[in-house]
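Hi,

Here is the structure I said I would pass on. Have a look at it first, then read my notes below.

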Amino acid sequence: MTQSHPGISKAVIPAAGLGTRFLPATKATPKEMLPVVDKPAIQYVVEEAVGAGLHDVLMITGRNKRPLEDHFDRNYELEEALYRKGDRERLERVRASNELATMHYVRQGDPRGLGHAVLCAAPHVGDQPFAVLLGDDLIDPRDPLLSRMVEVRERQGGSVVALMEVDPAQVHLYGCAAVEPSGEADVVRVTDLVEKPDPAEAPSNYAVIGRYVLDPSIFGILRETAPGRGGEIQLTDALHKLAVDEGAGGPVHGVVFKGRRYDTGDRGDYLRAIVRIACEREDLGPEFRSWLRRYVTEEMEAL
C-alpha cells in the first residue's frame, strides 16, 4: 500500500558506480540492471520509494548507464508486439516500470564518492528534505523501513539513517554510529558517525545501511567536506558534523532495522537474494523450493 508524506516527496538513488565486483558481467551492463529473478535490482529500489509515497525519483547516473533510463521509459515496439500477441500479463509487467514514478536523471561526471553523488541532487531537491536509497540494498516490502524513517523525520526533524546491528568483526565494511536511547524501542539518537572504522575502535556495532532521510542542510556541509576515506567525499563525514552539532541542521536519529534485507552488491549475497526471493514467489516458489530440497539433499549425500 502506497503511503503519503506531504513533507517529503523526493527520493535520490545514486547509481553511478562501476560495479567492479561483478566484472565481467558489468563491463557493458550497469550492475543495477542485473536481474533479481525477473526484475532488475534497481526496480525493487524504485518500487520501495514509491511504496513510501515518494513518487519523484532522481537517479544519479554515470557513463554507460543509459540502460537505466531505457528501463523506466516506454518501449513502444515491445509493447506493440506483446499487444498483438495478446500477451496481456507480460505487457502489464513491461509497462509497470515506466508507470512507477516521475523519473529524473543527472550524471555524476566525476565519481568522487557517495557524498559527491548526493550533492549532485542539490539543484533538483532544493530546500526540501529528501530520501536517499542505495541500489545495493534491497529491503523486503513487508518491512517498511523507509516509511518508518520518514515518520521519524517528520516528528523529530533533522536527518535519519537506517542502522542494523552487525557482527563486530564486520563493522569495518560500514559507516558506524555511536548512539544513545531515544525512548522508542527502534529509534536511537546518533551522537557520532565513523566511516569504516577499525573494529577495535568502532563506537558500536550499529552499521549504517543504504537508506537515509536527509535534511537539506546536508548540501551546505557536503560542499565544505574534504575528501575522506579512499580520497572520496563521504556522506558519513557530513552526517558526523550534523550528529555532533545539532545547530548545523537538526539532530540525527537512527531507525534500528531488524527486518529482511538483501545485499546485491556482494556476489554471494546477490545469489542468496535471488534464491530467497524466488522461494517466496507464488508463481515460482513451490516448484523451485521442491527442486532446491532435492538438490541440497543430493549434494549432502554426495559429501
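At what angle do the axes of helix H3 and helix H4 cross? Before the answer, two notes on the source. This is a predicted model, so local features need pLDDT of at least 70 and side-chain atom pairs count only at pLDDT 80 or more, while totals for chains, interfaces and linings use all residues. Residues are numbered from 1 along each chain as its sequence is written, and side-chain values use heavy atoms, with hydrogens and water left out.

Now the helices. The axes of H3 (residues 76–85) and H4 (residues 88–98) cross at roughly 155° and come within 8 Å. Helices here are DSSP runs of H or I with at least four residues, strands are runs of E with at least two, and both are numbered from the N terminus. Axes are lines fitted to C-alpha atoms, for helices over the stretch in contact, and angles between N-to-C directions run from 0 to 180 degrees. That crossing angle makes H3 roughly antiparallel to H4; the label is for angles over 145 degrees, with under 35 roughly parallel, 65 to 115 roughly perpendicular and the rest oblique.

Who touches whom? H3 brings Leu 78, Glu 79, Leu 82 and Tyr 83, and H4 brings Arg 88, Arg 90, Leu 91, Val 94, Arg 95 and Asn 98 (contact means heavy atoms within 4.5 Å). Sorted by class, that is five nonpolar, one polar and four charged residues. Ala, Val, Leu, Ile, Met, Phe, Trp, Tyr, Cys and Pro count as nonpolar, Asp, Glu, Lys and Arg as charged, and the others, Gly among them, as polar.

Asp 38 pairs with Arg 93, and their closest N and O atoms are 2.8 Å apart. Asp 38 sits in the loop between strand S2 (35–36) and strand S3 (39–40), Arg 93 is in H4, and the two are 55 residues apart. The structure holds 24 salt bridges.

Val 37 lies in that loop between S2 and S3 too. Its phi is positive, about 65°, although Val 37 is not a glycine.

On to the other helix pair: H10 (residues 267–280) packs against H11 (residues 285–302) at about 125°, with the axes 7 Å apart. That makes H10 oblique to H11.

Last, the strands. S9 (residues 175–184) and S10 (residues 187–195) pair antiparallel over eight bridges, where pairing needs at least two bridges found by DSSP. They form a hairpin with two residues between them, and Ala 177 has Leu 193 as its bridge partner in S10. S10 also runs antiparallel to S12 (residues 252–256), joined by three bridges, with Arg 189 opposite His 253.

Happy browsing!

Key. Salt bridge = Lys/Arg side-chain N within 4 Å of Asp/Glu carboxyl O.
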